[in-house]
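Subject: Structure handover

Hello,

Here is the structure you asked to look at. My notes on it follow below.

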Amino acid sequence: MAIIETEKLTYTYPGAEKTSIENISIKIEEGEFVLLTGPSGCGKTTLCRCFNGLIPHFYEGKLEGKIQVVGLDVVKHPIHELAKHVGLVFQNPENQLFALSVEKDVAFGLENLGIPRKEIRQRVDWALKTTDIYHLRERPPYELSGGQQQRVAIASVLAMQPEVMVLDEPTSFLDPLGAKRIFEDIHKLNKELGITIILVEHRLDLTAKYANRIIIMDNGKVILNGKPREILDSEKARLIGIGIPKVTRLYQFLNGKGMRLNYVPLSSEEMAKKLKEVFKQ
Amino acid sequence: MSMFEGLKFRKVSSPIHDLDPRVKFFYVIAMFAVAVMYMELLPLIVLFLIQVPLVTMAKVTKQWIKSMRGAAFFASIIFFTNFIFSYLYQGQQALPSILEYSMAMTLRFIVLVESFSIFFLTTSPDHLGLALEKSHVPYEFCFAFTTAVRFVPVLAEEAQTIMDAQKARGLELEKGNILKRVRNYIPILIPLIVNAIRRSLELAEAMESRAWGATKNRTNLYELKLRRGDYILALLTVVMLVLAVYARWHIPIPRIMEIFPWKASR
């Protein structure tokens, strides 16, 4: 069974006239790395809020259709129960850290669940080491750089050992290098721990190579949903105006000029390798 | 405000920092009570001096001196108002005793600032929140307290950004009379408040996503445990309190000018 399954999911925020997401039917399998993208205001964040029950429990409004996460019906289970299975990392790292020390912040979710102190300590240390911020554990979060703060946010979600992690534009407040490192970390969580990742991102240049699947949304609807190479090469994706990786654009350009490369590259490394092969022939 | 500067916690490790906040708070309250009990200069000098070793032990001398310097302004106000009013009532004859009385009142204030400053300089807000929790204050309040402390620097930074932005659009903060100046701050306050509300919404979302309110029996990563140092401080505080109460009622307290004849001979 899929770890996330939605069927004709439609949602309207309270007081809004227009639906924010409409007829979303997607299936995400366990262990997948899904890249969710689309122009601003297309409903990506709204969809993310559905995955852990913020919609409909926190934001009221009108939710129609079905959504199941880790076998639980989101509408029938409170957020704190879903929080054990689905971790959400938000855009602004500053507004998701509340404690005065990093380790206390990472412990926050576990404390809320009433887990024994000894186990909290173990899981906090594990999460801090996995995200490479163990040395920062006693520092106050507001003294850290944006990248470090976002790492703390990821660690605090990771400590709850969720099966699914949803990251809503986690790098929009970060510099390119900080962003790149965060993506590498997320990839590691997916590869080594088998956590299902749903990453909302505009920077496809840096992330396309990690994804098993890309979902593109526009105007509240899923427009494209499939393998990265097919999606990024499609005419539709280009017309929506998402940031197609430059290497993919280069591939298309070369293709137009009659230079056949047998698959769509997703990263500059892949492209470089491909080009070298071609030039050798 | 430099007086409040001396109340800001910085992480240092020292035997005083490791003390249980509840015991430290008991000590502050005891200090407060004793300082209010006495109106004579001599015991207040003693109270002031016995706290100095605590400051040096906590390695916060620099910040502590800063807070004392900040308190100096208020201290001088207290001194002069006491002095002027007593002088007006009692006339010139009692000048030395008026002087001593005013100094005592001032020192009383300084002793209070001193003990509060020791408390806040050596107690992390995290521990303070934990102490509140242990004192059966509902967790929501403790959380609100630590979160408020955590967001002070964030909001201060934001206020600065907004001020710069509004100045860049031609807002002149330092212009006009007092009323005008207060009004100048409205374009800074409104975005600040709006941003704070938006921020609180995001915070609430993040809290919900981390299982806020999942169980009534919340655990805590840290634990407060009374150690040897805590018992020693508690014991010392009780002894001081008992001695102070006893001395207050049973021992006549000499005035400084009675001890030093050069003053008494006048």
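How many bridges join strand β1 of chain A to strand β5 of chain A? The count is 7, and β1 (residues 4-12) and β5 (residues 62-69) run antiparallel. Strands pair if DSSP finds at least two bridges between them; strands (E, at least two residues) and helices (H or I, at least four) are DSSP runs, numbered from the N terminus.

Before the rest, some ground rules. This is a predicted model, in which local features need pLDDT of at least 70, side-chain atom pairs count only at pLDDT 80 or more, and totals for chains, interfaces and linings use all residues. Residues are numbered from 1 along each chain as its sequence is written, while chains are lettered from A and ligands numbered from 1 in the order in which they are written.

Back to β5(A). Its residue A:E64 is the bridge partner of A:T10. β5(A) also pairs with strand β6 (residues 72-73) of chain A, antiparallel, over 2 bridges, with A:V69 opposite A:L72. This hairpin has 2 residues between the strands, and A:V70 takes a positive phi near 50° there.

Chain A as a whole has 12 helices and 11 strands. Its C-alpha trace spans about 65 × 45 × 35 Å along the principal axes. Buried residues make up 47% of chain A (buried: 20 or more other C-beta atoms within 10 Å of the residue's own, C-beta atoms being placed from the backbone).

The largest nonpolar core has 88 residues, and A:A155 is one of those with the most contacts inside it (a core is a set of buried Ala, Val, Leu, Ile, Met, Phe, Trp, Tyr and Cys residues joined through C-beta atoms within 7 Å). Leaving aside neighbours within four places in sequence, A:A155 is in contact with A:V106, A:A127, A:L128, A:T131 and A:I133 (contact: C-beta atoms, placed from the backbone, within 7 Å). A second, separate core of 29 residues includes B:V23 and B:L107.

Finally, the interface: 35 residues of chain A and 29 of chain B take part in the contact. On the chain B side, α6 (125-134), α7 (139-168) and α9 (186-209) each supply at least two residues, and α9(B) gives the most, with 7.

Regards

Methods:
Contact = placed C-beta atoms within 7 Å. Buried ≥ 20, exposed ≤ 12 C-beta atoms within 10 Å, placed from the backbone.
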